[in-house]
Amino acid sequence: MVTMKDIAERAKVSIATVSYVLNESGNVGEDTKKKVLEVIKELNYRPNLIAKSLKMKKTNTIGVIVEDMTVFNAPNIIDGINENAEKLGLSILLTNMRLEKRVSNNPNDPDLVKPIIKKIMDELVSKKVDGIIYVGLHPRDVTESIPETDIPILFTYCYTTKQEHCAINYNDEQAAYEATNYFVSKGHKKIALISGHIDSMSSHSRYSGYYKSIKKHNLLFNPSYIKTGDWRFDSGYSLTKELLETKDLPTAILAMNDQMAIGAIRACNDLGYRVPDDISIIGFDNREFGAYYSPKLTTMSLPLRRMGLLAIETIYHLISGSPTDCNKLKTTLSCELIERDSVCPPTGLF
C-alpha cells in the first residue's frame, strides 16, 4: 500500500507538505503542489478514508431509514435524497424497515415500532453516520416511536413535536383547497368528497382544505356529499355508487387519493355516467397509472422528489454546524395540480 511517506520521498518534499496538498490546506507553492499531485497520480495513491474519518470525527455518511420501500412515496423521496447527496459529497446508508409487513396495521403503536427503530438507529450510529433522515410510511406524528439520539435526525413524510427535530412535508390542506377551487373555477357548485381513513392526518387536513373552499365560495355544505373510504379502489367504487344514488347528485367528486379516484371513475362508467361530461373527478398523489387511465386523471401531485432534495440539503447544514433553526424548518411544500381529462364544466343535467 502506498503511503504519504512514499509520496514524500518520491516528490522530495516533507510528509507535512503531502498532507497539506491532500487536504487542500497550508501554504504550498503551485510548482510543489503540481509535483506532489503528479506523484500521487503516478503511484495511484488511494487515501485511507476510514482513518481520515476517524481523525476528522466525520464520515460524510447519512443514514436513511425508510419505514416501507413498497409504499408509493418512498422511491421519489429517495431519488431526491440521492441526487443532492452526490452533489454535496455525501454517502448514503439506506435501511428499509418493512414496517407495513412487520407490524401489519399498527404502524402507530410505539410499543411495536420503537424497538425496531432503536435497533436500526443503533446500527447506523455504530457505523458512524453523521446524521439520519427518517422517511415515514404516511404523514403522522411519530414522536413516541423515536428513541433519543446524539446525532442530527430529520423527518420527511412524517414529523415529531420535538423542537430540535426538523421536518420536511407537504401542505395537504392547501392542496385540497386548490383542488376544490379548481372545480369551482369550472362552474361546479355541488362537490362531493371521498375521504381516506377517519383517523388519518391527511384525511383531516384535506377535509379542512375542501371545507375552507366550500365556505369561501358560499356553496351549500351538504353532509351527504362527504364519504369516508379507506384509500383503496373498492371504497372509491362503492362510495361513488352511494353518491350517485342520492336525490341531489353532485357534479364533481374530489377523491383523497388516485386509487379511490379510479374506483370512482369505474363506478360512474358502470352506472352509465360519463366522466367528465356528467361527473368531474380529481384525485391525489399523481400516481403513474392515472395518466394512462381513460379518461386521464386530473390530480394533485405531491412534491416527493423536492422533499428528498431539501431533506438531504438540510441534514447537510445540520452536520456541518451551520446555524439551523429547526422550528423554522418544519417545512411544508406546495403540491401541484396536474390538469388532464377528468374535469370539465358541469352540463346542467343535475
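**Close-up views of the predicted model**

**Figure 1. A salt bridge between Glu-148 and Lys-162.** In this predicted model, Glu-148 pairs with Lys-162 in a salt bridge whose closest N and O atoms are 2.5 Å apart. Glu-148 belongs to the loop between β3 and β4, and Lys-162 to the loop between β4 and β5, so the pair ties together parts that are 14 residues apart in sequence. Glu-148 is exposed, its relative accessible area being 63%, which is over the 50% cut-off for that class. Side chains of opposite charge can pair when their charged atoms come close.

**Figure 2. His-165 in the loop between β4 and β5.** The side chain of His-165 makes a polar contact with the side chain of Thr-160, at 2.9 Å. With a relative accessible area of 9%, His-165 is buried; the cut-off for this class is under 20%.

**Figure 3. The salt bridge between Glu-83 and Arg-305.** The two side chains meet with an N to O distance of 2.3 Å. Glu-83 is part of helix α5 (residues 73-88) and Arg-305 is part of helix α12, so their pairing ties together parts that are 222 residues apart in sequence. Glu-83 is partly exposed, at a relative accessible area of 25%. Arg-305 also counts as partly exposed, at 35% relative accessibility.

Figure 4. The side chains of Arg-274 and Asp-278 form a salt bridge, with 3.3 Å from N to O. Arg-274 counts as partly exposed at 47% relative accessibility, whereas Asp-278 is buried, with a relative accessible area of 9%. A search of the whole structure finds 14 salt bridges.

**Figure 5. The open sheet of six parallel strands.** The strands follow the order β2-β1-β3-β4-β5-β11. At the edges stand β2 (91-96) and β11 (330-333); each has a single partner strand, so one side of each is left without a neighbour in the sheet. From one strand to the next, the twist averages 15°.

**Figure 6. The pairing of β1 with β2.** Strand β1 (residues 61-66) runs parallel to β2 and is joined to it by six bridges. Within this pairing, Val-64 has Leu-94 in β2 as its bridge partner.

**Figure 7. Helix α12 across the sheet strands.** Helix α12 (residues 304-319) lies across β1, β2, β3 (131-135), β4 (153-156), β5 (166-170) and β11. The helix runs at about 170° to β5.

Figure 8. The protein chain has twelve helices and twelve strands. Its C-alpha trace spans about 90 × 45 × 35 Å along the principal axes. The radius of gyration is 27 Å, while a compact globule of 350 residues would have a value near 20 Å. Buried residues make up 47% of the 350 residues. Among contacts in the protein chain with a separation of 6 or more, 72% are between residues 24 or more positions apart.

Note on methods
Residues numbered from 1 in each chain as written. Predicted model: local features only at pLDDT ≥ 70, side-chain atom pairs only at ≥ 80, totals over all residues. Heavy atoms only, no water. Pairing = 2+ DSSP bridges. Helix = DSSP H or I, 4+ residues; strand = E, 2+ residues; numbered from the N terminus. Axes fitted to C-alpha atoms, helices over the stretch in contact; angles between N-to-C directions. Contact = heavy atoms within 4.5 Å. Buried < 20%, exposed > 50% of the residue type's maximum accessible area, 1.4 Å probe, protein only. Polar contact = N/O pair within 3.5 Å; in protein donor to acceptor, adjacent residues only side chain to side chain. Salt bridge = Lys/Arg side-chain N within 4 Å of Asp/Glu carboxyl O. Rg over C-alpha atoms; globule rule 2.2 N^0.38 Å.
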